[in-house]
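Okay, thanks everyone, I'll keep this short. Have a look at the chain on the screen and I'll talk you through it.

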Amino acid sequence: MQCRNCGTEIADKAIVCFRCGHATTDPVRRAVPVKPRRSLVVPVIVAGVMILAALAIGYGSTTAADPDRW
Ligand SMILES: [Zn+2]
């Protein structure tokens with residue numbers, strides 16, 4: 001097979017071109033779905049931390065306000 005990038009003749013089983021390092025397959029298709037997943041993890045974690053922080057603040061304010069009320 002020939003390298004798509006430089007046209008060098010390489011082995012059919014070669015994963016990347018030995019000359020230019022260009023991938024013979026399409027790793028981009030595999031990498032693309034991975035990136036959105038990673039990008040979604042951070043907002044989810046941030047949202048979870050904010051929710052926990054809000055609950056902690058709300059819990060702390062209620063517990064702090066209870067002794068005053070009683
Ligand atoms: Zn090449």
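So, a definition before anything else: by a contact I mean heavy atoms within 4.5 Å. With that in hand, and bearing in mind that this is a predicted model, take the contacts between residues at least 6 apart in sequence: 0% of them join residues at least 24 apart.

What about secondary structure? How many helices and strands does the chain have? There's 1 helix and 0 strands. As for burial, buried residues account for 10% of the 70 residues. The accessible surface of the chain is about 6,100 Å², and 66% of that belongs to carbon and sulfur atoms.

Now, the zinc ion. Which residues hold the protein donors? They're the SG atoms of Cys-3, Cys-6, Cys-17 and Cys-20, sitting 2.2 to 2.4 Å from the zinc ion. The angles those 4 donor atoms subtend run from 107 to 117°, so the arrangement is tetrahedral. Along the sequence, the donor residues follow a C-x2-C-x10-C-x2-C spacing. Within that pattern, Cys-6 and Cys-17 are 11 residues apart, both in the segment before α1, which spans 27–69.

Is each of that pair buried or exposed? Cys-17 is buried, at 3% relative accessible area, while Cys-6 comes out at 37%, so it counts as partly exposed.

Leaving out residues up to four places away in sequence, Thr-8 touches Met-1, Gln-2, Cys-3, Cys-17, Phe-18 and Arg-19. Two of the zinc donors, Cys-3 and Cys-17, are in that list.

Conventions: Residues are numbered from 1 along each chain as its sequence is written. This is a predicted model: local features need pLDDT of at least 70, side-chain atom pairs count only at pLDDT 80 or more; totals for chains, interfaces and linings use all residues. Side-chain values use heavy atoms; hydrogens and water are left out. Donors are N, O and S atoms within 2.8 Å of the metal (3.2 Å for Na, K and Ca); water is not among the atoms, so sites may look incomplete. Four donors count as tetrahedral if all angles lie between 85 and 135 degrees; four count as square planar and six as octahedral if opposite donors are over 155 degrees apart and all others between 65 and 115; anything else is irregular. Helices (H or I, at least four residues) and strands (E, at least two) are DSSP runs, numbered from the N terminus. Buried means under 20% relative accessible area, exposed over 50%, partly exposed in between (1.4 Å probe, protein chains only). Accessible areas come from the Shrake-Rupley method with a 1.4 Å probe; for residues, only the protein chains shown count as cover.
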